[in-house]
Amino acid sequence: MAQQPLGDAGVQSRDRILTIPNLISFARLLGVPVFLYLFLVADEVGWAVVVLGLGGTTDWIDGYLARRLGQVSRVGELLDPAADRLYILATLLAFTVRDIVPWQFTVALLARDVLLMLTFPVLRRLGYGPLPVHYIGKTATFILLMGFPILLLAWAVPTGAMHTVAYASGWALCWWGIVLYWIAGIFYLVQFAAVVRRSREATA
C-alpha cells in the first residue's frame with residue numbers, strides 16, 4: 001500500500017522538539033562532557049565507566065521510543081546520530097590521550113566519518129540532505145559504544161581475571177565495530193554515487 005501523505009497533524013508531529021526521545025538524546029549529549037570531565041579531569045574512572053556505559057546502552061532507546069510512541073521528529077533524526085558521533089569522537093580522543101587505544105585505531109575510525117562528510121556539500125548542492133543511516137551503521141555504532149566502556153573497565157582494572165575478560169571482550173567488540181562501520185560507509189558511498197548519477201541524468 002502506498003504511504004499516505006502526512007496531514008497537518010503529521011507535519012506538526014515531525015516539527016516537535018520536546019518529545020521523550022529527544023529528551024533522551026539531549027541527555028546523551030550532556031553525558032559527553034560529563035564523561036570527559038570524570039575521566040580526564042576528576043580521574044573518577046569508575047563513574048566514567050558508568051556514564052560511558054549508559055551512553056552506549058541507551059543508544060537504541062531514543063529511536064525505539066520515537067517509533068513506538070509515534071514521536072519521530074526532524075530534530076530527533078539529527079540529534080540521534082549527532083549524539084552517536086559525539087560519543088565516539090570524545091571517547092576516541094580521550095582513549096588516545098590515555099593510551100587505551102593506539103592512534104592508528106582512532107585514525108582508522110575517524111577517517112571514515114571524514115570521508116562521508118566530504119559528500120555533504122555535494123548532496124546539498126544537489127538539493128539533498130544527508131542520506132539515511134544504514135542499519136549496519138547503527139549496528140556498528142551500537143557495538144562500538146558497547147565496546148568502549150568495557151575497554152575502559154579493562155584499563156581501570158589492570159590485572160586479574162576481570163582485566164583479561166574485559167580486555168578481550170572490549171577489543172573483540174571494537175574490531176567488529178570498526179569493520180561494520182566501514183562496511184556501512186561503503187554502502188553510504190554507493191548510495192551517494194547513485195544519487196549523483198540520477199541527478200546528472202535528470203539534468204541531461
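Student: What share of the protein chain counts as buried?
Tutor: Of its 204 residues, 40% count as buried, where buried means under 20% relative accessible area, exposed means over 50%, and partly exposed is in between (1.4 Å probe, protein chains only). Keep in mind that this is a predicted model, where local features need pLDDT of at least 70, side-chain atom pairs count only at pLDDT 80 or more, and totals for chains, interfaces and linings use all residues. Residues are numbered from 1 along each chain as its sequence is written, and side-chain values use heavy atoms, with hydrogens and water left out.

Student: OK, and how many helices and strands are there?
Tutor: The chain has 9 helices and 0 strands. Helices (H or I, at least four residues) and strands (E, at least two) are DSSP runs, numbered from the N terminus.

Student: Tell me about α2. Which of its residues are buried?
Tutor: P21, N22, S25, R28, L29, G31, V32, F35, L38 and F39 are buried in α2.

Student: And how far apart are the end C-alpha atoms of α2?
Tutor: They are 31 Å apart, which agrees with the 32 Å that its 22 residues should span at 1.5 Å a residue. The expected span is 1.5 Å times one less than the number of residues.

Student: Which residues have the most contacts inside the largest nonpolar core?
Tutor: Those are F35, F39, F95, F105, L109, F148 and L152, in a core of 33 residues. A nonpolar core is a set of buried Ala, Val, Leu, Ile, Met, Phe, Trp, Tyr and Cys residues joined through side-chain atoms within 4.5 Å. Helix α8 (135-156) is one of the helices that each supply at least two residues of this core, and α8 gives the largest share, 8 residues.

Student: What does L152 touch?
Tutor: Leaving aside residues up to four places away in sequence, L152 touches F35, F39, V45, A48, V49, L52, F95 and I100. A contact means heavy atoms within 4.5 Å. Apart from that core lies another one, of 7 residues, among them L116, L131, F192 and V196.

Student: What about L151, buried or exposed?
Tutor: L151 is buried, with a relative accessible area of 2%, and L151 is found in helix α8. Its touching partners include F95, Y167 and W171, again not counting residues up to four places away in sequence. L151 and F95 are 56 residues apart along the chain, yet their C-alpha atoms are separated by 9.3 Å.

Student: Switching topic: which residues form the nonpolar patch on the surface?
Tutor: Y37, L40, V41 and V97 form it, with about 410 Å² of accessible area together. Areas come from the Shrake-Rupley method with a 1.4 Å probe, and for residues only the protein chains shown count as cover. Patches are made of residues with over 30% relative accessible area and no salt bridge, joining like charges within 9 Å and nonpolar side chains (Val, Leu, Ile, Met, Phe, Trp, Tyr) within 5 Å. A salt bridge is a side-chain nitrogen of Lys or Arg within 4 Å of a carboxyl oxygen of Asp or Glu.

Student: Which helix gives the most to the patch?
Tutor: Helix α2 (residues 20-41) does, with 3 residues. V97 sits in helix α5 (residues 74-97) and is exposed, with a relative accessible area of 60%.

Student: Last one: where is D43?
Tutor: D43 is in the loop between α2 and α3, and its phi is positive, near 60 degrees. Most residues other than glycine have a negative phi.
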